[in-house]
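Hi,

Here is the structure I said I would pass on.

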Amino acid sequence: MPVRELSALDSRYIALALRLAQRGRGLVEPNPMVGAVLVRNATVIGRAWHKIFGGPHAEINALANATAAPRNATLYVTLEPCCHTGKTGPCTQAIIAAGIKRVVVAMQDPNALVCGKGIAELRRAGIHVDLGVLEAQARELNRPFIKWITTHQPYVIAKWAQTLDGCVADRNGKSQWISSPKSRELVHQLRGRVDGIMVGIGTVIADDPLLTARPAKGPVYRTATRIILDSQCRLPLDSQLVRTAATTATMVFHHKSLTGAGLRRVQKLQQHGVKCIGIRADKSGTIDPAAALTELGKHNFTNILVEGGPKVLGSMLQKNLLDEGLVFIAPKIAGDQNARHAVEGISLDSINQAAGVKFAKPQSVGPDILLRWKKDES
């Protein structure tokens, strides 16, 4: 078969595997999303994805549901097969035992336990392995996993709603509601797929949010931990977050050197079921977001949604901690110079020092416009 035709077929089957992999979003973390397609004699005989954390991997599922014997078939998989025993056995051994003759892999696994070792094991067993088909798409799919496994910090998604002139709250800090119900529905869907939702204590005091996923339609895959950056532990005991801490995980990062009244506030929050963690603060006395992300990474948080406020977003932007963002622009103009803006606390000598991002195509969400952006790493 000509090489060009082989390449076209490989891309088609890896593309199918990538679509299958997406079905695990919100269910498999902290594992990566993985899809697998089994092909013999130009016919798909098995297709599967990693369905849930702790369950069989995509390759095992594809072999299990194959409609014909997999011997001499080609396996297409979006991530290098694992070669170690974790919650499940090594996929490489199952592939070898099944008599697979060729494996096409979209990307190498960045996990040091696997990286290159799975492919090497398959090749030692006489299996032909091709690597790098639709690699960019595979990496894009698992950006949160890649960041977590290589940096030990979660992937950070910023979200805010603003007026056309850039205001996210009035002069009193109130922001309910700038965006439309349609936009808020989309945010609730995202909340149901992340590990944590982070806000600063200023946002909590101004809005008394619940920070849970309440979509009108669509499933909630994960119950995100509510994370509050609160250096002095000022979180009100009568807030919605504290009142629901016994049923929905709530975490406060406070200054590790609190004493006296500060420590007593910590103890009261803990009595209500709030997990309080002392970490370092920056020079201004506010919580260092990088330290918070490192702590979250230790607890297997792979992706978090940061919903404000402006100083938290400004601090994270200044430290280059934001990976992606969603900005909902409402058809409103505030015109108040004392209103709050999305990102605050950064001093620039020149507009040329502003952080660069890459935009995706804008989309309409009800009356609002959604701009998605990602960190410009060029």
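**Salt bridges, pair by pair**

Arg 280 comes out as partly exposed, at 43% relative accessibility (buried is under 20% relative accessible area, exposed over 50%, partly exposed in between, with a 1.4 Å probe and protein chains only). Its side chain meets that of Asp 288 in a salt bridge, 2.9 Å from N to O, and Asp 288 is buried at 7%. By salt bridge I mean a side-chain nitrogen of Lys or Arg within 4 Å of a carboxyl oxygen of Asp or Glu.

Before you go further: this is a predicted model, where local features need pLDDT of at least 70 and side-chain atom pairs count only at pLDDT 80 or more, while totals for chains, interfaces and linings use all residues. Residues are numbered from 1 along each chain as its sequence is written, and side-chain values use heavy atoms, with hydrogens and water left out.

The search of the whole structure gave 14 salt bridges. One of them joins Glu 140 and Lys 374, at 1.8 Å from N to O. Glu 140 sits in helix α5 (135-141) and Lys 374 in strand β17 (368-375), so this pair ties together parts 234 residues apart in sequence. (Helices, H or I with at least four residues, and strands, E with at least two, are DSSP runs numbered from the N terminus.) Glu 140 is partly exposed at 35%, and Lys 374 is partly exposed at 27%.

Lys 375 pairs with Asp 323, with 3.5 Å between the closest N and O atoms. Lys 375 is in β17 and Asp 323 in the loop between α12 and β13, 52 residues apart; both are buried.

Finally, Asp 10, Arg 102 and Asp 130 are linked in a salt-bridge network.

Cheers
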